[in-house]
Amino acid sequence: MFYEIRTYRLKNGTIPQYLKVVEEEGIEIQKSHLGMLVGYFFSEIGTINEIVHIWAFASLDDREARRQRLLADPRWQAFLPKIRDLIEVAENKIMKPANFSPRSEAH
């Protein structure tokens with residue numbers, strides 16, 4: 001199992017707007033293509049204006065195929081402009097769990 005951790009720093013004060021449009025439109029499009037949403041978070045303490053969402057994939061090839069389908073979806077293409085200008089910085093990590101992790105392949 002591989003985990004994609006996407007971290008966005010949003011423009012000051014735009015978390016409510018971002019979360020509203022993702023909840024109302026974006027998340028269902030993403031889930032229909034990406035599959036397993038592990039979690040979707042926003043900062044309360046620490047770095048402000050931060051969104052983190054984590055997706056699980058069986059393999060890197062699985063991730064690539066799913067992301068390509070998402071990017072090709074006309075609904076996603078129409079949705080992206082609604083959040084694109086709210087994001088100042090985007091970071092993406094691919095993580096693999098240790099054998100003893102509760103979400104490792106061994107469990």
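The model is predicted: local features need pLDDT of at least 70, side-chain atom pairs count only at pLDDT 80 or more, and totals for chains, interfaces and linings use all residues. Residues are numbered from 1 along each chain as its sequence is written, and side-chain values use heavy atoms, with hydrogens and water left out.

**Aromatic pairs**
- Rings of Phe, Tyr and Trp (its six-membered ring) pair if their centres lie within 6.5 Å; planes under 30 degrees apart count as stacked, over 60 as edge-to-face and the rest as tilted.
- The count by this rule is two aromatic pairs.
- One of them joins Y8 and Y18, edge-to-face because the ring centres are 6.4 Å apart and the planes at 80°.
- Y8 sits in strand β1 (residues 2-10) and Y18 in helix α1 (residues 15-34), so the pair ties together parts 10 residues apart in sequence.
- Helices (H or I, at least four residues) and strands (E, at least two) are DSSP runs, numbered from the N terminus.
- Y8 is buried, at 11% relative accessible area; Y18 is buried too, at 1%.
- Buried means under 20% relative accessible area, exposed over 50%, partly exposed in between (1.4 Å probe, protein chains only).

**K96**
- K96 lies over the face of F2, 4.5 Å from the ring centre.
- That call needs NZ of Lys or CZ of Arg within 6 Å of the ring centre and within 35 degrees of the ring normal.
- K96 belongs to the segment after β4 (87-95).
- K96 is partly exposed, at 48% relative accessibility.

- Residues 3-102 are 43% helix and 32% strand, with end C-alpha atoms 13 Å apart.
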